[in-house]
Amino acid sequence: MPPDQQNPISQKKTTVVAAGVLINAQGQFLMGSRPTGKPYAHYWEFPGGKLEAGETAHDALCRELQEEMGIDVTVATPWLTQRFAYPHANVELRFFKVRDWNGTLHGHEGQELAWQRVGQLNVSPILPANGPILRGLALPEVIEISNMAELGREALMAQLSAKWAVGPTCLLLREPQLSASDYQELAHAVQSIARPHGGKLIIHRDLALAQALKADGIHFTASQLKQLNARPRGIDWVSASTHQLSDLEAAARIGVDFAFLGHIAPTQSHPGQTPLGWEKFSQLLQLGWCFPVFAIGGQTLSTLHTAQAHGGHGVALLRAAWSQTA
């Protein structure tokens, strides 16, 4: 449903809506136009509708997509939650990624349907409330974290060159063992490899360096995050590490584009520290966040679907990103 503005403080009644981001085998996502006679008629949005009494968001999603488009959902995982305000009521939109269904798509309410690609939209106007959703869809499902401390510089650079020659991998350059000057020198070298191939580089902690390099993003630690009063300017993607509810709240307060949450499983990086686990990960995400969350800590490509089933957008890989058997 179309919000006029974001207003989480409003005391009006909240209407809960389930919305589906249908993704086909080609990686395209589906948008539908709002039918004539409804507010914001002919604007484009993600299909869905209001929860009825006693329904879960998943149940409402399945019912709405069957009624609106004649399909039976078979695979849908929770993703993002957006909260906006109508002139008459607040609305909470619970988005699911829908990757499998039975039946042939057809607009049963006279709406148009169109498959779209990130960065190549050919329908308009699109409801402004869907901006963060489209931005979230632009993120990869896997982010790799550098591990020069164990690989050595030569091996790291060789593997990065090989990865970026194949595709635009997204890398968080995290090397806390380096001095500030050594890290800056490494970042310049890595950026020179990334740019020709369209690789994405996220700088760890050093905002001034990220801005100077015109890197793709900046990633803050949880302690840095809590010291920020606003989202920094001059950087495209802003992300942060989170470990608990207060961290996620701080991330929401400054408007991050995505967050890491963990560590999920025991790791060499956190010896003796109790892992978060999938149950707690899921519980925290069920509170509803307007930014995608990546599971981190003991993750591999084989845990991607597990992370998504628990509400995550994807996984952040450290050692598994550089293992020849991962």
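The model is predicted: local features need pLDDT of at least 70, side-chain atom pairs count only at pLDDT 80 or more, and totals for chains, interfaces and linings use all residues. Residues are numbered from 1 along each chain as its sequence is written, and side-chain values use heavy atoms, with hydrogens and water left out. The chain contains 10 helices and 15 strands; helices (H or I, at least four residues) and strands (E, at least two) are DSSP runs numbered from the N terminus.

**Overall dimensions and surface**

- Along the principal axes, the C-alpha atoms fill a box of roughly 60 × 40 × 35 Å.
- Buried residues make up 50% of the 326 in the chain. Buried means under 20% relative accessible area, exposed means over 50%, and partly exposed lies in between (1.4 Å probe, protein chains only).
- Contacts (heavy atoms within 4.5 Å) have been sorted by separation along the sequence. Among those between residues at least 6 apart, 62% join residues at least 24 apart.
- The accessible surface amounts to about 15,300 Å², and carbon and sulfur atoms account for 51% of this surface. Areas come from the Shrake-Rupley method with a 1.4 Å probe; for residues, only the protein chains shown count as cover.
- There are 25 positive and 27 negative side chains, and the centres of the two sets are 6 Å apart. Lys and Arg count as positive and Asp and Glu as negative, while His and the chain ends are not counted. Each charge is placed at NZ of Lys, CZ of Arg, CG of Asp or CD of Glu.

**Aromatic pairs**

- The structure holds 9 aromatic pairs. Rings of Phe, Tyr and Trp (its six-membered ring) pair if their centres lie within 6.5 Å; planes under 30 degrees apart count as stacked, over 60 as edge-to-face and the rest as tilted.
- Phe46 and Phe95 form an edge-to-face pair, because their ring centres are 6.1 Å apart and their planes stand at 90°. Phe46 lies in the loop between β3 (44-45) and β4 (48-50) and Phe95 in strand β6 (residues 90-102), so the pair ties together parts that are 49 residues apart in sequence.
- Both Phe46 and Phe95 are buried.
- Trp101 and Trp115 form a stacked pair, with 6.2 Å from centre to centre and 15° between the planes. This pair links distant parts of the chain, with Trp101 in strand β6 and Trp115 in strand β7 (residues 113-116), 14 residues apart.
- Trp101 is buried at 17% relative accessible area, whereas Trp115 is partly exposed at 29%.
- One aromatic cluster is formed by Phe29, Phe46 and Phe95.

**Surroundings of two residues**

- His204 is situated in strand β10 (residues 200-204) and is buried, with a relative accessible area of 10%. Not counting residues up to four places away in sequence, His204 touches Leu172, Leu173, Arg174, Tyr183, Ile218, His219 and Thr221.
- Gly298 sits in the loop between β14 (293-296) and α10 (304-309) and is partly exposed, with a relative accessible area of 44%. Gly298 touches Ala265 and Thr267, again leaving aside residues up to four places away in sequence.

**Backbone geometry**

- Most residues other than glycine have a negative phi, and most peptide bonds are trans.
- The peptide bond from Ser124 to Pro125 is cis, with omega near -5°; Pro125 is in the loop between β7 and α2 (131-137).
- The peptide bond from Gly262 to His263 is also cis, with omega near 10°. His263 belongs to the loop between β13 (258-262) and α9 (277-285).
- Arg205, although not a glycine, has a positive phi of about 75°. Arg205 is found in the loop between β10 and α6 (207-213) and is partly exposed at 47% relative accessibility.
- Lys214, likewise a residue other than glycine, has a positive phi near 55°. Lys214 is placed in the loop between α6 and β11 (217-220) and counts as exposed at 68% relative accessibility.
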